[in-house]
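Here are some notes for a colleague who is opening this structure for the first time. Please read them with the sequence and the structure side by side.

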Amino acid sequence: MNEKELDLLRKLARIVEKNQPYHLNLLDELHANENAHTRILVKLLQYKASGKFIFLKSFLRYLEEYGFSVEKINFPKITYEDNHIDASINDTNYCVIIENKINGAVDQEKQIERYLEDAKARYKANAEDIYLIYLTADGGKIISEISLTEKAKKILNFENPEKSGRFIALNYRDHILPWLKNDVSENCSKEEATLNHAIEQYIDYLKGRFLLREGEKEMSDKIGEQFWRELVDLSSDKERYNIIQKMQDDIDELQRFLPAMRNDLIRKAPSLNLKEAARLFSLKYLGIETPEYLTSKDENYAINISHTSGFVCVDLWAHEPGKRWTPRKEDLHEIKSFAPLKNLGLKIVNSDDLPEYNEYGYYYRILFPTFEDGEKILHAINKLEGIDFNFNFSS
């Protein structure tokens, strides 16, 4: 990208900023990632009215042309991030795996193959009863063969995109958004005001993402007119098309190289490598390498150091002695006071002071930006009544 092209991008950015109307949508402001979109989808699929999964049934109708029947729906278990699978729907006679790529995340090596093998092993699903939904933003992202391997294709009976077996390519613009407007919103009880507002916000968010909000086409045309006025020397449509295509190609090329440049910088600057920072912190203060756990003397609690959302974090777990992690929510509630943790002024992820839960058990998560803050957290945990980890701070 030369200086002239950079200047064009700057001009376009200024014109967009100047012409964008005021609009408030919480999802726009929070910059929802793929995990957030998956959680929203799972929440909607879990919705029941009069004992029936009405949203799930309408959603799975997208699979009918791939050999699925909604009559199969019996006792579905709809999960999020179960063993690294974005979302899954497991029932007595079928299994649906959802891989969410709305933000264009890179396909992992043998990713789909691993998910299919996991479904066969853990859910005892027959290969012919497993369906995989590859969910993208607008259908522009095509799954790579490093993820959809020959073995995965065989399990799904995939021959090619036209004869895809039980591999279903859906997208938010052409499938999820119409489903939300025509099925979810229309069939949501008007008495459930909070749910209706949430659905309305999500529909508006997706419309905005795909320039489908009312007036946005006119705004796009206005931006185009102003932009071309900046380029009076470009008289023909062909010239205009070529410059836009070149800018798009340059942006695509940047998106291809920037992750590698970022990772290279992380390798050269260990302080930016959260995984390495978590390992060093755990080694220094707990005397163990992550992802091992340090257990309290009575074995009722455990500490794990990890990383997430731009921070290293401490997870405080409750579990049953002699086992891995089983739900023991009452143990965390029995701790007399979390005041020593709250008084640190650091970010405790848990809302309403209640423990979070995942497949391994209940936990409290505290994020910290520096090693010094992390040490303060461990000191505070040491002060919690009923917990004795005997941390060594002298190392």
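1. Is E81 buried, partly exposed or exposed? The model is a predicted one, and in it E81 has a relative accessible area of 26%. Because buried requires a value under 20% and exposed a value over 50%, E81 counts as partly exposed. The residue belongs to strand β1, which covers residues 77-82. Its backbone deserves a look as well: phi of E81 is near 50 degrees, a positive value in a residue that is not glycine. Most residues other than glycine have a negative phi.

2. L211 sits in the loop that runs between α8 and α9 (216-229). With 47% relative accessibility, L211 is classed as partly exposed.

3. Next, the core. The largest nonpolar core holds 44 residues, and F59, L60, I98, W179 and L206 are those with the most contacts inside it. Two or more residues come from each of α3, α4 (54-60), β2 (85-90), β3 (95-101), β4 (130-136), β5 (167-171), α7 and α8 (193-209). Another core, of 22 residues, lies apart from this one; L286, V314, L378 and I381 are among its members. In soluble globular proteins, nonpolar side chains tend to be buried together.

4. Which residues does L60 touch, leaving out those up to four places away in sequence? The contacts of L60 are F68, V70, I73, I89, Y94 and V96. L60 is also one of the residues with the most contacts inside the largest core.

5. Strand β5 is mostly covered, with four of its five residues buried. β5 pairs with β4 in the parallel sense, over five bridges. Within that pairing, Y134 has A169 of β5 as its bridge partner.

6. The loop between α6 (150-156) and β5 contains S164. Is S164 buried or exposed? S164 has a relative accessible area of 8%, so it is buried. Setting aside residues up to four places away in sequence, S164 touches Y66, L156, N157 and F158.

7. D118 is another buried residue to check, with a relative accessible area of 14%. D118 lies in helix α5, residues 111-122. Beyond its neighbours within four places in sequence, D118 is in contact with N83, I85 and Y123.

8. How many cavities of 30 Å³ or more are counted? The count is one, and the volume of the largest cavity is about 30 Å³. Its lining is made up of H37, L41, L44, Y172, I176, W179 and Y202. Helices α3 (34-45) and α7 (172-184) are the elements that give two or more residues to this lining. By type, the lining residues divide into six nonpolar, one polar and no charged. W179, which lines the cavity, is also among the residues with the most contacts inside the largest core.

9. For a second pass through the structure, two places could be viewed together.

Notes
Residues are numbered from 1 along each chain as its sequence is written. This is a predicted model: local features need pLDDT of at least 70, side-chain atom pairs count only at pLDDT 80 or more; totals for chains, interfaces and linings use all residues. Side-chain values use heavy atoms; hydrogens and water are left out. On a 1 Å grid over the protein atoms alone, a cavity is a set of points where a 1.4 Å probe fits but cannot get out, and a pocket is an open set with protein on both sides within 12 Å along at least five of seven lines; lining residues have an atom within 4 Å of a point. Grid points are joined across faces, edges and corners, and a volume is the space filled by probe spheres set on the points. Ala, Val, Leu, Ile, Met, Phe, Trp, Tyr, Cys and Pro count as nonpolar, Asp, Glu, Lys and Arg as charged, and the others, Gly among them, as polar. A nonpolar core is a set of buried Ala, Val, Leu, Ile, Met, Phe, Trp, Tyr and Cys residues joined through side-chain atoms within 4.5 Å. Buried means under 20% relative accessible area, exposed over 50%, partly exposed in between (1.4 Å probe, protein chains only). Contact means heavy atoms within 4.5 Å. Two strands pair if DSSP finds at least two bridges between them.
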